[in-house]
Amino acid sequence: MLKKLSRHRALPGFGLSMGYTVVYLSLIILIPLAVLFLKASTLSFTEFWRTVTDERVVASYKLTLWTSFFAAFINLVFGTLIAWVLVRYDFWGKRLADAIVDLPFALPTAIAGIALTTIYAPNGWIGKYFAAMGIKIAYTPLGIMIALTFIGLPFVVRSVQPVLQDLDSRYEEAAATLGANSMQIFFKIIFPAIFPAMMTGFALAFARALGEYGSVVFISGNMPMKTEIIPLLIITKLEQFNYGGAAAIAAVMLLFSFILLFLINVWQWKTAKKQQMI
Amino acid sequence: MNELVLEVKFVSMKKWLLIGVALGFLGLFIVIPLLAVFSEALKKGIQLYFAAFNDADALSAIKLTLVTAAISVPINTVFGIVAAWAIAKFDFRGKNILITLIDIPFAVSPVIAGLVFVLLFGSQGLFGSFLAAHDLKIVFAVPGIVLATIFVTFPFVVRELIPMMQEQGTEEEQAAMTLGANGWQMFFRVTLPNIKWGLLYGVILCIARAMGEFGAVSVVSGHIRGLTNTIPLHVEILYNEYNFQAAFAMASLLTMLALVTLGLKSLVEWKTKKYVNGG
């Protein structure tokens, strides 16, 4: 395929389409984001440092990071399992199950937020059983984790599923013939093959969860120091017309997301290269 | 013999256990929230359900949502086709970097997407005094909502098209050129028919996201009832006023759109599979 591309006779429109792409990308995405960093840099260093190390801000960073991490981890485990079931087994309703995996991509986050809050509130469908046991879900970090699990659900499934589909079953058969049991086959043959895809899905779900706002803001209760996520804190600063503070908090978070995005991409180029070499 | 029967039983037990866990997880996280939306919307009967839409603020929210999508989706669709053409059909240095840059809106919190436009066009923003002097309003008005929506829906069409166009290669286009077609003829008779299903799905995803965007729009809208409220923002207001039935009735509109999106995705996958198998 690479060969086909590199030996092409020139098709028309490269200069025009490339120019348009770069200009539009710069106007809509790059320049506005540059302005964010510019605004953050108008603060003096001590001001910047005081803003991003404020007790309330640090508590919020911590909460956002660990709830996002655990939600992505839940998705790593169950997403891989769902991908496995969808690829390897046949059962009634499989196509429907496959289709609804993408719902969190298509459903507006605010709607997911109010629906989950209604279900997990102390008088909700599921929340009331937990309330009876003395466990509060909505308006606690547990609720935030549930919302983040919802919005991250498709990432791991959709990363692992195609890799599992392409996995040649001959290796598993060979291993079985040589006397490997199903646990050995899974950990020695299947797991190494799908591991890069699992990590990509995990990182995508994690990155998405870090910035999530709509689904969390209803279920979290938004108590400072306890259940206040970073995007909400940015909005709070904006509402106080503290533009510099909002930009500073956002810049730190954006930097973190970019590093994550960069790592995912490097990982993907590497695995793509490896596959091409084979 | 007996051992074999036991093993077969064990294997099928494991299979059904895994299927059970997978479906249970999907049921808990996907199906129950879906049911909750419709059950809450219809809780007080069908008449009150429809009454929720017969309200000036609700209608203006629906209208603004449609206007926003009608502006931002075509802009991003044109960009998506043009950018995918450059990226999928040509080789150049820095292609991976360009694709990564296009992906940025996926990694940026919607709240930050809104924030950058406030920093640019807000009253204390970079162009704030210029806009005020010329009596122009972008933030807390419709243009800001459109801009924020364009930002968050930026990658949807192009990301659907790139893998599809890369897979199709350039042979058919080159054949068309050799046969004397000009650029536009080649595009409309060869490229566009080849990508139509992927394009359709990308556009539908873009529409669903444009109409459902909450975080970014929430930051730039200013929440002026009847003026700068989209459907998701109106849902939030109703919900915070404890008017749950009306909030979920409005929410059910976008939920139906989400379900249509999923149905269409299955259709597109089925169609493209047929194309690959048949072609």
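Because the model is predicted, local features need pLDDT of at least 70 and side-chain atom pairs count only at pLDDT 80 or more, whereas totals for chains, interfaces and linings use all residues. Residues are numbered from 1 along each chain as its sequence is written, chains are lettered from A and ligands numbered from 1 in the order in which they are written, and side-chain values use heavy atoms, with hydrogens and water left out.

**Chain A overall**

- Chain A has 14 helices and zero strands, where helices (H or I, at least four residues) and strands (E, at least two) are DSSP runs numbered from the N terminus.
- The C-alpha trace of chain A spans about 65 × 65 × 30 Å along its principal axes.
- Of the 278 residues in chain A, 52% count as buried; buried means under 20% relative accessible area, exposed means over 50%, and partly exposed lies in between, with a 1.4 Å probe and protein chains only.
- Chain A exposes about 13,500 Å², of which carbon and sulfur atoms supply 68%, the areas coming from the Shrake-Rupley method with a 1.4 Å probe and, for residues, with only the protein chains shown counting as cover.
- Among the contacts in chain A with a separation of 6 or more, 75% come from residues 24 or more positions apart, a contact being heavy atoms within 4.5 Å.

**Helix H13 of chain A against helix H6 of chain B**

- Two packed helices are described by the angle between their axes and the distance between the axes.
- The axes of H13(A), residues 230-239, and H6(B), residues 110-121, come within 10 Å and cross at roughly 25°; axes are lines fitted to C-alpha atoms, for helices over the stretch in contact, and angles run from 0 to 180 degrees between N-to-C directions.
- H13(A) and H6(B) are therefore roughly parallel to each other, given that angles under 35 degrees count as roughly parallel, over 145 as roughly antiparallel, 65 to 115 as roughly perpendicular and the rest as oblique.
- The crossing of H13(A) past H6(B) is left-handed, a term that applies if the near helix is turned anticlockwise from the far one by less than a right angle, while clockwise makes a crossing right-handed.
- On the chain A side, Pro231(A), Ile234(A), Ile235(A) and Leu238(A) meet Val111(B), Ile112(B), Leu115(B) and Val118(B) of H6(B).
- This contact has eight nonpolar, no polar and no charged residues; Ala, Val, Leu, Ile, Met, Phe, Trp, Tyr, Cys and Pro count as nonpolar, Asp, Glu, Lys and Arg as charged, and the others, Gly among them, as polar.

- H13(A) is mostly covered, with nine of its ten residues buried, and the buried residues include Thr236(A) and Lys237(A).
- H13(B) is largely enclosed by the rest of the structure, since nine of its ten residues are buried, among them His234(B) and Glu236(B).
- Tyr242(B) follows H13(B) and has a positive phi near 60°; this residue is found in the loop between H13 (231-240) and H14 (244-278) of chain B and is exposed, with a relative accessible area of 67%.

**Single residues**

- Val118(B), which lies in helix H6 of chain B, is buried with a relative accessible area of 2%.
- Leaving aside neighbours within four places in sequence, Val118(B) is in contact with Leu238(A), Tyr243(A), Gly125(B), Val139(B), Val219(B) and Val220(B).
- Ile28(A), found in helix H2 (residues 14-41) of chain A, is buried at a relative accessible area of 10% and touches Phe117(B), Ile150(B), Phe151(B) and Phe154(B), not counting residues up to four places away in sequence.
- Thr80(A), found in helix H4 (residues 55-88) of chain A, counts as buried at 11% relative accessibility.
- Tyr139(A) has a positive phi of about 70° although this residue is not a glycine; Tyr139(A) sits in the loop between H8 (127-132) and H9 (141-166) of chain A and is partly exposed, with a relative accessible area of 30%.
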